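Work through the exercises below with the model open. Try each task before reading its solution.

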Amino acid sequence: MKKQIILIHGGEVFNTYEDYIKNLRLEEIELKDLFRKGWKKTLALKLGADWEVIAPRMPCGENAKYLEWKIYFEKIVPFTRDGVILIGHSLGGIFLAKYLSENKFPKKIKAVLLIATPHTEKFEHSLADFILPNSLLKLEKQGGSIFLYYSSDDMVVPIQNMKSYERDLPTAKMCLFSNYGHFSVEKFPEIIKDIKKLK
């Protein structure tokens with residue numbers, strides 16, 4: 001049976017629908033941004049035939065709501081198997097951190113990998129209802145091996161967020177880079193290496 005990864009993408013949140021509409025009107029788009037690319041697209045290929053990567057399209061990623069993501073995620077959970085690896089990038093990371101700190105996951109988790117994940121305490125922009133609970137102990141207890149990936153040149157989620165997770169998840173492995181920005185990069189070989197090393 002293939003080893004399993006669930007990959008939760010990032011997104012944006014707004015306090016009000018009006019804020020979302022305003023941002024939608026002001027947002028500039030370039031053609032190159034419309035092509036799906038990067039390490040997330042090639043993750044399964046790089047890991048090899050022994051792996052399956054499930055990357056659900058979470059609801060309303062451009063104006064995400066935690067409850068909607070929670071409802072949808074819980075429809076995916078029955079398809080997971082013991083030993084699943086959960087990966088969250090950006091908003092997907094704080095979604096997993098919040099969900100796993102507030103809920104008992106029904107399967108044994110091998111690892112949780114959080115990439116460029118905002119922390120309620122240090123993030124400068126609104127996280128709307130993606131607010132972490134006071135304790136991440138439940139995540140730490142059920143999350144298996146926990147990895148946190150940040151880049152010092154990330155203009156979206158500054159590395160100060162990493163410091164808060166260091167305090168809240170003292171057993172997590174911290175991985176700091178200097179040139180990956182918000183991890184919208186073509187290649188991310190370190191994550192492949194870390195996944196393959198998991199026992």
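The exercises cover nonpolar cores and salt bridges in this predicted model.

**Exercise 1.** Find which residues of the largest nonpolar core touch the most other members.

*Solution.* Start with the core itself: it has 37 residues. Phe73, Leu86, Phe95, Phe105, Phe130 and Tyr165 touch the most other members. Next, sort by element. Those giving two or more residues include strand S1 (3-8), helix H3 (66-76) and helix H4 (91-102). The largest share, seven residues, comes from H4. Finally, look for a core apart from this one. Another core has 24 residues, among them Trp39, Leu43, Ala116 and Ile191.

**Exercise 2.** List what Phe105 contacts, leaving aside its neighbours within four places in sequence.

*Solution.* The contacts are Phe73, Val77, Thr80, Val84, Leu86, Tyr99, Leu100 and Gln142.

**Exercise 3.** Classify Glu102 and Lys98, which form a salt bridge, as buried, partly exposed or exposed.

*Solution.* First, the geometry: the N to O distance is 3.0 Å. Both residues sit in helix H4, four residues apart, about one turn of the helix. Now apply the cut-off: buried means under 20% relative accessible area. Lys98 has 8%, so Lys98 is buried. Glu102 has 35%, so Glu102 is partly exposed.

**Exercise 4.** Which parts of the chain does the salt bridge between Lys173 and Asp194 tie together?

*Solution.* The side chains meet at 3.7 Å, N to O. Lys173 lies in strand S6 (residues 173-177). Asp194 lies in helix H7 (residues 189-197), so the pair ties together parts 21 residues apart in sequence.

Methods
Residues numbered from 1 in each chain as written. Predicted model: local features only at pLDDT ≥ 70, side-chain atom pairs only at ≥ 80, totals over all residues. Heavy atoms only, no water. Core = buried A, V, L, I, M, F, W, Y, C linked by side-chain atoms within 4.5 Å. Buried < 20%, exposed > 50% of the residue type's maximum accessible area, 1.4 Å probe, protein only. Contact = heavy atoms within 4.5 Å. Salt bridge = Lys/Arg side-chain N within 4 Å of Asp/Glu carboxyl O.
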